[in-house]
2 protein chains.
Amino acid sequence: MLDENKFSTIKDILREMNTVDIARVISDSAAEQQVKIFRLLPKDSSAEVFTYLEPETQQTVINSITNTEIHNLVEDMFIDDAVDFLEEVPANIVTRVLAQTSKETRDTINKFLSYPDDSAGSIMTVEMAAFHVSVTVDEAIEELRRTAQDKESIETCYCIDDFRKLVGSVSLRKLIVAKSGTLLGDIMLNDDRLISVKTYDDRETVAEIVRKYDLLSVPVVDTEGRLVGIITIDDIVDVIQEENTEDFEKMALLLPSEDDYLKTGVLKLTKNRIVWLLILMISATFTGQIIEGFQDKLAAVSGLTACIPMLMDTGGNAGNQVSTLIIRGLALGTIKPSDYLKVLWKEIRVAVICGSVLSVANFIRMIIIRFVTGGSTTTPVFFVVCLSMIFAVMLAKSIGCTLPILAKLVHLDPALMAGPMITTIVDAASLLIYFGIAGIFISHGLI
Amino acid sequence: MLDENKFSTIKDILREMNTVDIARVISDSAAEQQVKIFRLLPKDSSAEVFTYLEPETQQTVINSITNTEIHNLVEDMFIDDAVDFLEEVPANIVTRVLAQTSKETRDTINKFLSYPDDSAGSIMTVEMAAFHVSVTVDEAIEELRRTAQDKESIETCYCIDDFRKLVGSVSLRKLIVAKSGTLLGDIMLNDDRLISVKTYDDRETVAEIVRKYDLLSVPVVDTEGRLVGIITIDDIVDVIQEENTEDFEKMALLLPSEDDYLKTGVLKLTKNRIVWLLILMISATFTGQIIEGFQDKLAAVSGLTACIPMLMDTGGNAGNQVSTLIIRGLALGTIKPSDYLKVLWKEIRVAVICGSVLSVANFIRMIIIRFVTGGSTTTPVFFVVCLSMIFAVMLAKSIGCTLPILAKLVHLDPALMAGPMITTIVDAASLLIYFGIAGIFISHGLI
């Protein structure tokens with residue numbers, strides 16, 4: 001339709017569409033059409049659509065519109081969206097955009113850009129509804145009716161004193177049901193019931209608070225307790241998903257990355273992976289040396305070598321299961337480092353049962369395999385393997401619950417103590433147990 | 001203070017506290033004190049505090065209060081909270097509670113209890129603000145002022161036609177800024193801009209929609225398009241965290257469990273873990289047989305056995321990294337099965353670089369180890385190991401990106417194709433490559 005210049009039909013269609021969907025359509029279009037469609041948007045929704053565009057599309061649009069259009073666009077955007085956008089584009093575009101904004105907006109944006117990446121300040125917005133405590137509900141509603149268009153969230157209004165200090169909050173619901181003439185100060189939530197965060201609080205902490213108290217928004221105060229902004233729950237949902245993705249990545253020993261997989265180059269992907277692969281590969285030197293030292297006996301007793309991978313894998317899997325549970329529990333706050341002894345005791349009991357069941361199953365498995373393939377492995381070797389299995393599982397479960405909690409205690413990220421890391425450590429430990437038990441059997445002439 | 005009967009002081013303290021915090025205090029108290037504190041709560045907050053109590057505490061409270069108190073409590077609770085509570089307690093308590101509720105509430109609760117566990121219907125609430133399209137904004141605001149107290153969310157009001165069909169939505173913000181006398185039908189969002197879900201939609205799908213469109217609530221309609229409830233974002237946040245936890249558990253090959261780790265018994269924990277441990281242990285039969293078949297050559301050539309764990313671990317880690325990225329991408333919708341060829345081609349290139357770097361590093365490592373320990377492994381064996389490494393990494397990356405996508409295509413959960421599963425498959429494959437290459441070198445008399 002663009003080619004046929006049916007602009008008014010397009011305009012009508014766009015008016016019926018959700019801004020998120022419009023943004024997707026624009027991002028999926030050819031570069032030369034993106035700006036055309038963007039210019040056909042109704043004035044009042046172009047800023048919102050812009051915030052949902054892919055960063056590359058945002059650049060294309062910015063590069064093709066006039067300075068006046070840039071000015072209007074940025075002034076219409078919520079500050080936090082403008083900051084998100086500016087953080088993604090090259091410096092020359094940032095300079096051009098900031099040159100077109102009013103001094104006031106520019107100052108606010110610059111202040112936001114200075115907050116650390118993971119702080120509450122970096123995801124807050126300043127377009128909130130704030131009133132002095134001595135304002136009446138009627139005055140507040142009147143004011144909201146005039147200014148609601150420019151606020152990101154008016155579901156909760158915040159009350160401040162003469163020094164802009166945050167002293168309470170009133171939900172819009174409470175505001176509209178309140179009797180005419182009531183002062184905000186008389187109906188606001190305050191004291192312990194008022195939840196707020198500080199600009200430099202970690203955004204993960206903020207997400208935890210919003211989730212715990214089922215908030216739609218949380219006020220952000222500076223070190224003096226003055227209200228500087230709010231964080232809305234839609235941004236929190238994104239934070240939660242990003243933090244989860246980061247945990248998934250760390251647990252697979254990847255360097256966390258915020259880029260989409262499909263848009264990340266091969267070299268970047270390699271860089272995110274190679275560090276830990278190298279470290280773990282070099283750590284495997286230990287397992288190699290342990291086997292090297294036992295080489296002669298391995299060659300002498302049939303069946304010992306063939307069971308190495310099974311023992312190592314089972315140990316690794318058992319350790320991985322518990323470390324995942326503990327890492328997740330620590331992240332969600334359901335397990336605290338002080339629970340360590342409780343956790344360890346539970347794991348030892350689980351390990352005894354798991355290890356025993358696995359041993360019995362394994363014994364049967366080995367008998368069947370010998371029967372089917374006619375292998376020459378003797379029954380005492382089976383006992384060595386099964387006994388090692390129980391101890392390996394116990395050790396794996398103990399290491400798997402200890403390392404994440406230890407990491408938490410020394411302020412490392414517990415997520416690093418997941419599967420691959422546990423496997424590498426458990427591998428060496430299971431081999432030592434295995435060869436230790438085999439050594440005892442050999443020295444007593446049992447195998 | 002309870003022991004000293006300072007009830008009015010406690011009441012004052014409770015009045016200043018956030019309901020979530022009160023619930024924590026009660027849950028942490030001794031059983032005989034829980035009911036005492038609960039009864040001191042202000043009338044208007046006891047239902048809300050109750051919804052935040054631990055299930056065991058809820059039972060204790062229910063068992064100790066009168067039938068009239070139960071009646072008032074349940075009628076004051078939002079339906080979705082009452083349903084959550086009833087799903088957690090034994091059948092005899094459910095019967096007693098339902099006997100105390102009004103017929104209308106009981107019917108609604110029963111209807112909710114019949115929705116499948118993971119459906120939109122099971123997490124929705126019926127306490128929403130809904131108006132006929134022909135209502136004016138003034139009438140709507142008037143109605144809200146009277147009834148807002150009983151609604152779970154009034155941030156968005158929904159418009160219905162004569163047949164209760166959902167036809168549009170109006171945000172509270174739009175409502176209060178609208179000119180007096182305007183009809184809801186004239187300012188509502190409709191057509192493509194109105195997002196809704198169906199009662200039987202998967203709650204994960206609902207979470208995805210809420211996240212994508214930055215909604216505070218989403219309307220739920222039945223198969224005929226009639227409005228039956230809404231889902232609010234605070235419940236969505238919980239769904240997102242639960243779904244993430246489930247993915248973490250599946251990726252560690254645990255049976256997903258909704259119980260807190262610390263509260264789960266040893267037998268239950270064992271049950272959640274043993275199934276996959278057994279399956280994977282038995283699968284390791286293949287690796288064992290592969291080694292068994294190569295046993296003589298392993299014994300003859302020094303150094304071959306010692307490198308098995310390193311090769312297997314590196315392959316497993318390499319596969320684990322990519323499968324985690326793909327599983328997460330599939331879950332968040334950033335990767336689609338149709339992207340498979342793009343993904344595979346990317347992974348092959350990453351694997352060539354990763355594999356080469358690892359090989360070179362490994363070669364140097366082995367030279368150093370031989371120099372330090374005076375081992376007898378010959379340099380051609382190093383070449384066998386390093387060559388196998390490149391191929392093993394390539395294979396691991398290919399398997400790691402293929403299996404999750406394949407699982408998605410056949411409607412299995414991609415999360416099952418994570419680390420442990422990949423490791424087991426990659427182990428066998430790397431050994432075949434390793435022994436294949438070693439076999440060629442041996443048959444040419446090179447090692």
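Me: B:His411 sits in the loop of chain B between helix H20 (379–409) and helix H21 (419–443). Why is B:His411 called exposed?

Reply: In this predicted model, B:His411 has 6 other C-beta atoms within 10 Å. Because a residue with 12 or fewer such neighbours counts as exposed, B:His411 is placed in that class.

Me: B:Asp214 belongs to the loop between helix H14 (203–212) and strand S5 (217–221) of chain B. What makes B:Asp214 partly exposed?

Reply: The count for B:Asp214 is 18 other C-beta atoms within 10 Å. A residue is exposed at 12 or fewer and buried at 20 or more, and anything in between is partly exposed, so B:Asp214, with its 18, is partly exposed. Its phi is near 50 degrees, again a positive value in a residue other than glycine.

Me: How do you know that A:Lys268 counts as partly exposed?

Reply: A:Lys268, which lies in helix H16 (residues 266–283) of chain A, has 14 C-beta neighbours inside 10 Å. Some care is fitting here, as H16(A) is where confidence in chain A is lowest, with a mean of 76, while chain A as a whole averages a pLDDT of 83.

Me: Why are the buried residues of H5(A) said to line one face of the helix?

Reply: The buried residues of helix H5 (residues 55–64) of chain A are A:Thr57, A:Gln58, A:Val61 and A:Ile62. When one looks down the axis of H5(A), these buried residues fall within an arc of 135 degrees, so they line one face of the helix. Among the elements that cover them are helix H4 (43–52) and helix H6 (67–76) of chain A.

Me: Why is H2(B) called oblique to H4(B)?

Reply: Helix H2 (residues 19–28) and helix H4 (residues 43–52) of chain B pack at an angle of about 60 degrees, with their axes 8 Å apart. Roughly parallel needs an angle under 35 degrees and roughly perpendicular begins at 65, so the angle between H2(B) and H4(B) leaves them oblique. Their contact includes B:Ile22 of H2(B) and B:Val49 of H4(B), and the crossing is right-handed.

Me: What makes H15(A) roughly antiparallel to H18(B)?

Reply: Helix H15 (residues 233–251) of chain A packs against helix H18 (residues 308–332) of chain B at an angle of about 160 degrees, with the axes 10 Å apart. Because angles over 145 degrees count as roughly antiparallel, H15(A) is roughly antiparallel to H18(B). Residues making this contact include A:Phe248 of H15(A) and B:Leu332 of H18(B).

Notes: Residues are numbered from 1 along each chain as its sequence is written. Chains are lettered from A and ligands numbered from 1 in the order in which they are written. This is a predicted model: local features need pLDDT of at least 70, side-chain atom pairs count only at pLDDT 80 or more; totals for chains, interfaces and linings use all residues. Helices (H or I, at least four residues) and strands (E, at least two) are DSSP runs, numbered from the N terminus. The arc is that of the directions from the helix axis to the C-beta atoms. Two residues are in contact if their C-beta atoms, placed from the backbone, lie within 7 Å. pLDDT is the predictor's confidence in each residue, from 0 to 100. Axes are lines fitted to C-alpha atoms, for helices over the stretch in contact, and angles run from 0 to 180 degrees between N-to-C directions. Angles under 35 degrees count as roughly parallel, over 145 as roughly antiparallel, 65 to 115 as roughly perpendicular and the rest as oblique. A crossing is left-handed if the near helix is turned anticlockwise from the far one by less than a right angle, and right-handed if clockwise.
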